Amino acid sequence: RDLHSFPTRRSSDLMIKNIFGFLGGILNSLYYILSAKSFLKLCNKSNNNLEDINFYKILFNYLASFFSYFYSDYNCYSPLIICSKFGFSFGLILVGIYVLFEYKIDFTDSILNILMISIFSMTYKHYFDNIAIGEYIYGYYFIFSHLISLFYILYENYFEYKNKIHISFSHNLNIIYTLTAFFWLIYGFLNDDYYIIVTFGIELLFGSLLIIFNIYYKKICEDYTGIKNV
């Protein structure tokens, strides 16, 4: 009886893992898409000002999904593989669009961006395909690439508060980011994966703090006029 029930339990566990992986992948992909909102400004033909485009956010999303792909491919995590492929493909398309518009404004910068991204991508692809050995190498790159993306999100929120920019969109984006981290964290626990647990545990923590701060910002800071008092 136990021998017959083992395949059933195994398939049930796999289904649960795939459910959390699917939810994490959908929200992660949605986050990548919504992060590209600033690129819609390029549809205005009269506006060639690229300073309004959030290029670094796309670049760091590309970075995180790029390293996520190699880590998930090494461990055969299908939901994370699919999500990572979408992430770096979508990011690469947006980077290409940005460079195309940048070419009209600053030829030198556009060439430097092309060289930077191309050399970076090809070098690390060669490194992971032919040199890197061991899960810990893939895992460290996985963690640190996501931390870089997280640091930029924290800076982005700080910049918006400092300059009193309308934050409702960023607040919703923070919610999606945090939910994404939650589902991937559960996925990591189900797979007993240290690197996924650490990465998305940190993201969940800081994402939750951002949401709380978004909600209670006025109540916390409206009575204070100086950073010393805060």
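A: Let us begin with a surface feature: helix α4 (residues 107–130) contributes six residues, the largest share, to a nonpolar patch. Helices here are DSSP runs of H or I with at least four residues, strands are runs of E with at least two, and both are numbered from the N terminus. The model is a predicted one, in which local features need pLDDT of at least 70 and side-chain atom pairs count only at pLDDT 80 or more, while totals for chains, interfaces and linings use all residues. Residues are numbered from 1 along each chain as its sequence is written, and side-chain values use heavy atoms, with hydrogens and water left out.

Q: Which residues form the nonpolar patch on the surface?
A: A patch is built from residues with over 30% relative accessible area and no salt bridge; like charges are joined within 9 Å, and nonpolar side chains (Val, Leu, Ile, Met, Phe, Trp, Tyr) within 5 Å. A salt bridge, in turn, is a side-chain nitrogen of Lys or Arg within 4 Å of a carboxyl oxygen of Asp or Glu. In this model the patch consists of Y103, F107, I111, L112, I114, L115 and I119, which together have about 660 Å² of accessible area. Such areas come from the Shrake-Rupley method with a 1.4 Å probe, and for residues only the protein chains shown count as cover.

Q: Why is I114 classed as partly exposed?
A: The classes rest on relative accessible area: buried is under 20%, exposed is over 50%, and partly exposed lies in between (1.4 Å probe, protein chains only). I114, which is placed in helix α4, is partly exposed because its relative accessible area is 39%.

Q: How many helices and strands are in the chain?
A: The chain has seven helices and zero strands, giving the pattern α-α-α-α-α-α-α along the sequence. Of its 230 residues, 41% are buried. The accessible surface of the chain is about 13900 Å², and carbon and sulfur atoms account for 66% of that surface.

Q: Among contacts between residues at least 6 apart in sequence, what percentage join residues at least 24 apart?
A: A contact means heavy atoms within 4.5 Å. Of the contacts described, 73% join residues at least 24 apart in sequence.

Q: Is S145 buried or exposed, and which residues does S145 touch?
A: S145 belongs to helix α5 (residues 135–162) and counts as buried because its relative accessibility is 2%. Not counting residues up to four places away in sequence, S145 touches L63, A64 and F67.

Q: Which residues does E135 touch?
A: E135 is also found in helix α5, and its 31% relative accessibility makes it partly exposed. Leaving out residues up to four places away in sequence, E135 touches Y71, Y74, N75, D193 and Y195. For E135 and N75, the sequence separation is 60 residues and the C-alpha to C-alpha distance is 8.2 Å.

Q: With which side chain does N54 make a polar contact?
A: A polar contact is a pair of N or O atoms within 3.5 Å; within protein, one must be able to donate a hydrogen and the other to accept it, and residues adjacent in sequence count only if both atoms are side-chain atoms. The N54 side chain makes such a contact with the side chain of Y152, at 2.8 Å. N54 lies in the loop between α1 (2–34) and α2 and is buried, with a relative accessible area of 16%. Beyond neighbours within four places in sequence, N54 is in contact with S38, F39, Y152 and E156.

Q: What is the count of disulfides?
A: A disulfide is a covalent bond between the sulfur atoms of two cysteines. The criterion is a pair of cysteine sulfur atoms within 2.5 Å, and by this rule the count is zero. C76 is exposed at 60% relative accessible area, whereas C83 is buried at 3% relative accessibility.

Q: What is the phi of C76, and what is the phi of D192?
A: Most residues other than glycine have a negative phi. C76, in the loop between α2 (55–75) and α3 (78–105), has a positive phi near 60 degrees. D192 is not a glycine either, and has a positive phi of about 55 degrees; D192 lies in the loop between α6 (168–190) and α7 (194–221).
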